[in-house]
Amino acid sequence: MAVEQTLSIIKPNAVAKNAIGAILSRFEAAGLRIIAARMLHLSKEQASAFYAIHQGKPFFDELVDFMTSGPVMVQVLEGQDAIAKNRDIMGATNPAQAAPGTIRADFADSFTENAAHGSDSPETAATEIAFFFPEGVCVRTR
Ligand code: RTP
Ligand code: MG
């Protein structure tokens, strides 16, 4: 296991439910540290660029519409095995298959409106962190 950084997004449906604190608490309780964070309302251009890998797929337009429907909370999580750990805490992409107690089981409304995003590899984590934090992330001081 290595110390990793991963990009996490609390999606618009979970922000609308007032669940930012509840979700961030789960990351912290699992030993992940929030080392950068910002809240923003994505433009169509930003959402399309962030999800460019899914361009052309049947769910793409719905995904972009959803991701631009309200503000999102974006954070960088750091810790041992952070990429896999975050995806475990989120649960399966399809909330119907998400294990009880996971973020998606508790806060998703549909396959598209599934409450959270997490990077899926060290390469995508680096790209996604740079997308939202081009100035870099702050360093732990204690
Ligand atoms: P994410 O990127 O958001 O962390 O989710 P993921 O890796 O678990 O899933 P991915 O395959 O990357 O899909 C990205 C997001 O697109 C929406 N989606 N909808 N209705 C559908 O069939 C469908 N498939 C994907 C979800 O919001 C998913 O998280
Ligand atoms: Mg993905």
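Visitor: Where is Lys44 found?
Guide: Lys44 is in helix H3, residues 44-50. Helices (H or I, at least four residues) and strands (E, at least two) are DSSP runs, numbered from the N terminus.

Visitor: What kind of model is this, and how is it numbered?
Guide: This is a predicted model, where local features need pLDDT of at least 70, side-chain atom pairs count only at pLDDT 80 or more, and totals for chains, interfaces and linings use all residues. Residues are numbered from 1 along each chain as its sequence is written, chains are lettered from A and ligands numbered from 1 in the order in which they are written, and side-chain values use heavy atoms, with hydrogens and water left out.

Visitor: How far apart in space are Lys44 and Asp65?
Guide: They are 7.6 Å apart, C-alpha to C-alpha. In sequence, Lys44 and Asp65 are 21 residues apart.

Visitor: New topic. Where does ligand 1 sit?
Guide: Ligand 1 sits in the largest pocket. On a 1 Å grid over the protein atoms alone, a pocket is an open set of points with protein on both sides within 12 Å along at least five of seven lines. To sit there, a molecule needs more than half of its atoms within 2 Å of the pocket's grid points.

Visitor: Which residues come nearest to ligand 1?
Guide: Lys11, Thr93, Thr112, Asn114 and His117 come nearest, out of 13 residues around ligand 1. A residue counts as near if one of its heavy atoms lies within 4 Å.

Visitor: What classes are in that shell?
Guide: The shell around ligand 1 has four nonpolar, six polar and three charged residues. Ala, Val, Leu, Ile, Met, Phe, Trp, Tyr, Cys and Pro count as nonpolar, Asp, Glu, Lys and Arg as charged, and the others, Gly among them, as polar.

Visitor: Which atoms lie by the oxygen atoms of ligand 1?
Guide: An N or O atom in the side chain of His54 is 2.9 Å from an oxygen atom of ligand 1. A polar side-chain atom of Arg104 lies 3.2 Å from a ligand oxygen. For Thr112, a backbone N or O atom is 2.8 Å from an oxygen atom of the ligand.

Visitor: How much of ligand 1 does the protein cover?
Guide: The protein covers 81% of the 560 Å² of accessible area that ligand 1 has on its own. Accessible areas come from the Shrake-Rupley method with a 1.4 Å probe.

Visitor: You named His117. Where is that one?
Guide: His117 is in strand E4, residues 116-118. His117 is buried, since its relative accessible area is 9%. Its side chain makes a polar contact with the side chain of Glu128, at 2.9 Å. A polar contact is a pair of N or O atoms within 3.5 Å; within protein, one must be able to donate a hydrogen and the other to accept it, and residues adjacent in sequence count only if both atoms are side-chain atoms.

Visitor: Which residue has a phi near 65°?
Guide: That is Asn18, a residue other than glycine with a positive phi. Most residues other than glycine have a negative phi. Asn18 lies in the loop between helix H1 (12-16) and helix H2 (20-29). At 72% relative accessibility, Asn18 is exposed.

Visitor: And what is the phi of Asp81?
Guide: Asp81 has a positive phi of about 55°. Asp81 is in the loop between strand E3 (72-80) and H5.

Note on methods:
On a 1 Å grid over the protein atoms alone, a cavity is a set of points where a 1.4 Å probe fits but cannot get out, and a pocket is an open set with protein on both sides within 12 Å along at least five of seven lines; lining residues have an atom within 4 Å of a point. Buried means under 20% relative accessible area, exposed over 50%, partly exposed in between (1.4 Å probe, protein chains only).
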